[in-house]
Amino acid sequence: MCGMSYPPVQYSGDGGRVSGAFRPASQPPELSHASGGACHYLATGAGTGGEFGLYRWEMGPSPSGPGAHFHRTISESFFVLSGEIRLYDGGEWRTGAAGDFLYVPPGGIHAFRNESGEDASMLILFTPGAPREDYFETLSDAVRREALSDDAVAAEFYLRHDTYWT
């Protein structure tokens, strides 16, 4: 036995309910990046009752991605869908291709980059479902990002979004 058990009951109705949330692949992304990429908000923390957040991250051919960092309250997982994405597991950079997966628990140092010169995409899963949308939107918007040039504003922003640079 692994010692794990199912979580407490969250639904106790007599029968199931119609409650699925379908999102067609053709739906436009919620966020476009200056680097030529985009982010699709597949399931936000708000939409899952805080259970998880799932995003499809599309990266253009220009080098892009955050530096090494960690989170204290959330885990982050990466599943490469297409192209090549450099994934940092805290010890070494690995080249991830379609089907490759990286799990990073809370406190785990990690980073990712597209350095291939080609488009690439991946799924990013946060558990529990923290409100990452403001983080993504601020960094993608030139005006909002400019405010982060003030050290005090940047420190508050990264602290609010559980991001600690190494």
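Rings of Phe, Tyr and Trp pair if their centres lie within 6.5 Å. In this predicted model, that rule gives 14 aromatic pairs.

Q: Why is the pair of Trp57 and Phe112 called edge-to-face?
A: The ring centres are 6.4 Å apart, and the cut-off for a pair is 6.5 Å. The planes stand at 75 degrees. Edge-to-face needs over 60, so Trp57 and Phe112 are an edge-to-face pair.

Q: What makes this a link between distant parts of the chain?
A: Trp57 belongs to strand β3 (residues 53–59). Phe112 belongs to strand β9 (residues 111–113).

Q: How do you know whether Trp57 is buried or exposed?
A: Its relative accessibility is 11%. Buried means under 20%, so Trp57 counts as buried. Phe112, at 6%, is buried by that cut-off too.

Q: Why is the pair of Tyr135 and Phe136 called edge-to-face?
A: Their centres lie 6.1 Å apart, with the planes at 65 degrees. The limits are within 6.5 Å and over 60 degrees. Tyr135 is buried at 6%, and Phe136 is buried at 7%.

Q: Which cluster do ring pairs build?
A: Ring pairs link a cluster whose members include Trp57, Phe112, Tyr135 and Phe136. Tyr41, Tyr55 and Trp165 are also among them.

Q: What makes Arg132 a charge over the ring of Tyr135?
A: Arg132 lies over the face of Tyr135, 4.4 Å from the ring centre. The distance limit is within 6 Å. Arg72 has its charged end over the ring of Tyr164, 4.5 Å from the centre.

Terms used: Residues are numbered from 1 along each chain as its sequence is written. This is a predicted model: local features need pLDDT of at least 70, side-chain atom pairs count only at pLDDT 80 or more; totals for chains, interfaces and linings use all residues. Side-chain values use heavy atoms; hydrogens and water are left out. Rings of Phe, Tyr and Trp (its six-membered ring) pair if their centres lie within 6.5 Å; planes under 30 degrees apart count as stacked, over 60 as edge-to-face and the rest as tilted. Helices (H or I, at least four residues) and strands (E, at least two) are DSSP runs, numbered from the N terminus. Buried means under 20% relative accessible area, exposed over 50%, partly exposed in between (1.4 Å probe, protein chains only). A charge sits over a ring if NZ of Lys or CZ of Arg is within 6 Å of the ring centre and within 35 degrees of the ring normal.
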